[in-house]
Amino acid sequence: MAGEPQDDCLFCKIVEGHVPATIVRETETTLAFRDINPQAPTHILVIPKAHHKDAAALAVEAPQLAADVLRETQTVAELEKLDSYRTVFNTGSGAGQTVWHAHAHLLGGRGLHWPPG
């Protein structure tokens, strides 16, 4: 069920405190933590605490929560003193999504060229 914790979800386990993570910031609705496989000097995941399978589902099922995630990427970027940064949502396995819990990748601290890939 959308919004409910999933027993087999890594990010739900992080939210519940069952799996350790390096927490950067926490709000009532979101959690931000450092990626364990960073692709930039700053690589932080910002997730909704409620389980939604991907960004598209989050936008449909909980648009205010999607806005909370986006707002938190900006707040975390400011806390990390990033002048510029990239926010990425991978939606679907073909786009590189490997954890089926909506999450934003906040990347910064180096030049991020376009196109990515």
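User: Which elements cover the buried residues of helix 3?

Analyst: This is a predicted model, in which local features need pLDDT of at least 70, side-chain atom pairs count only at pLDDT 80 or more, and totals for chains, interfaces and linings use all residues. Residues are numbered from 1 along each chain as its sequence is written, and side-chain values use heavy atoms, without hydrogens and water. Helices (H or I, at least four residues) and strands (E, at least two) are DSSP runs numbered from the N terminus, buried means under 20% relative accessible area with a 1.4 Å probe and protein chains only, and contact means heavy atoms within 4.5 Å. The cover includes strand 1 (23-26), strand 2 (30-34), strand 3 (42-48), helix 2 (55-61), strand 4 (85-88) and strand 5 (104-108).

User: Which residues of helix 3 are buried?

Analyst: An α-helix has 3.6 residues a turn, so residues three or four places apart point the same way. In helix 3 the buried residues are Leu65, Ala66, Asp68, Val69, Glu72, Thr73, Val76 and Ala77.

User: Is threonine 42 buried or exposed?

Analyst: Threonine 42 belongs to strand 3. Its contacts, leaving out residues up to four places away in sequence, are Glu80, Leu82, Leu106, Leu107 and Gly108. With a relative accessible area of 9%, threonine 42 is buried.

User: What is the geometry of the pair formed by the rings of phenylalanine 11 and phenylalanine 33?

Analyst: Rings of Phe, Tyr and Trp (its six-membered ring) pair if their centres lie within 6.5 Å, with planes under 30 degrees apart stacked, over 60 edge-to-face and the rest tilted. The ring centres of phenylalanine 11 and phenylalanine 33 are 5.5 Å apart and their planes lie at 75 degrees, so the pair is edge-to-face.

Conventions:
Buried means under 20% relative accessible area, exposed over 50%, partly exposed in between (1.4 Å probe, protein chains only).
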